[in-house]
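Thanks, everyone, for making the time this morning. I would like to walk you through one model, so please have the sequence and the structure open while I talk.

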Amino acid sequence: MELNPNHAVVLFSGGQDSTTCLFWALEKFEKVYPLIISYKQRHSIEIAQAKIIAAFAATPFKVANLDLGIFAAGNALTDTGLEVDTFAGSEAQIPNTFVPGRNLLFLTLAGMYAWQTGSAHIVAGMSQADYAGYPDCREAFLQSAERSVGLALDRNLTLHTPLLHRTKAETWLMARDLGCLDVVIRDSHSCYNGVRTRQHPWGFGCSECPACLHRAKGYAEAFGV
Ligand code: ZN
């Protein structure tokens with residue numbers, strides 16, 4: 001199977017970052033295949049929103065169902081009995097929203113889907129600019145994963161991480177420039193508490209969890225409101 005240089009798989013969570021990446025990919029590639037990974041994360045609302053956005057973008061999305069709950073110890077995204085850490089992460093102290101090994105697994109699944117769809121590209125929304133502490137968002141890891149997945153498939157596979165060095169404010173501006181700002185605000189979901197009943201200029205959320213605070217701060221920096 002040859003991989004088509006005009007096809008791309010997008011790791012798609014329905015959050016602000018991967019929604020922006022989806023629209024970035026739609027500008028760059030002829031065919032775009034969003035891969036939504038349901039891993040028994042805290043809130044199924046993310047998956048519901050991801051499906052809405054992928055359908056809105058008229059992309060043929062796929063949902064992979066995994067259960068990472070068996071590795072839930074100490075992790076607030078897969079263990080609903082834990083409170084989400086509210087401090088901003090650093091390399092010295094990683095918040096309990098870190099799911100160990102998740103991005104390596106996700107990139108492997110993206111590679112499998114790239115093979116199936118004949119896609120020579122994978123697009124993912126990791127950022128290391130202002131969300132310190134997650135080791136699997138670092139450039140060194142991503143370069144190594146790109147090489148490993150390519151070697152595993154024996155194909156030239158390119159991993160694109162357009163947000164890697166962008167702050168949240170810059171990601172907001174990128175969404176505006178891509179013409180997807182309305183979709184990001186209305187449909188993308190970041191809130192760790194799964195709140196979609198409270199609306200803000202930057203979208204829906206509790207406005208108190210680290211994901212909401214990060215999203216709101218970036219929006220304010222980008223647009224001055
Ligand atoms: Zn929240």
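Predicted model: local features only at pLDDT ≥ 70, side-chain atom pairs only at ≥ 80, totals over all residues.

Let me begin with Arg138, which sits in the loop between β4 and α4 (139–153); helices here (H or I, at least four residues) and strands (E, at least two) are DSSP runs, numbered from the N terminus. Arg138 has a relative accessibility of 39% and therefore counts as partly exposed, given that buried means under 20% relative accessible area, exposed over 50%, and partly exposed in between, with a 1.4 Å probe and protein chains only. Twelve residues separate Arg138 from Met126 in sequence, and their C-alpha atoms are 8.1 Å apart in space.

Residues are numbered from 1 along each chain as its sequence is written, and side-chain values use heavy atoms, with hydrogens and water left out.

Strand β1 (residues 4–11) runs parallel to β4 and is joined to β4 by four bridges, where two strands pair if DSSP finds at least two bridges between them. Strand β5 (residues 158–160) is also parallel to β4, with three bridges between them.

Now, which residues coordinate the zinc ion? They are Cys191, Cys206, Cys209 and Cys212, each through SG, at 2.3 to 2.4 Å, where donors are N, O and S atoms within 2.8 Å of the metal (3.2 Å for Na, K and Ca), and sites may look incomplete since water is not among the atoms. Along the chain, these donors follow the spacing C-x14-C-x2-C-x2-C. The four donor atoms subtend angles of 104 to 118°, so the arrangement is tetrahedral, a label that requires all angles of four donors to lie between 85 and 135 degrees.

As for accessibility, Cys206 is buried at 3%, Cys209 is buried at 4%, and Cys212 is buried at 1%. Finally, the structure holds zero disulfides, a disulfide being a pair of cysteine sulfur atoms within 2.5 Å.

Note on methods. Tetrahedral: all angles 85-135°; square planar, octahedral: opposite > 155°, others 65-115°.
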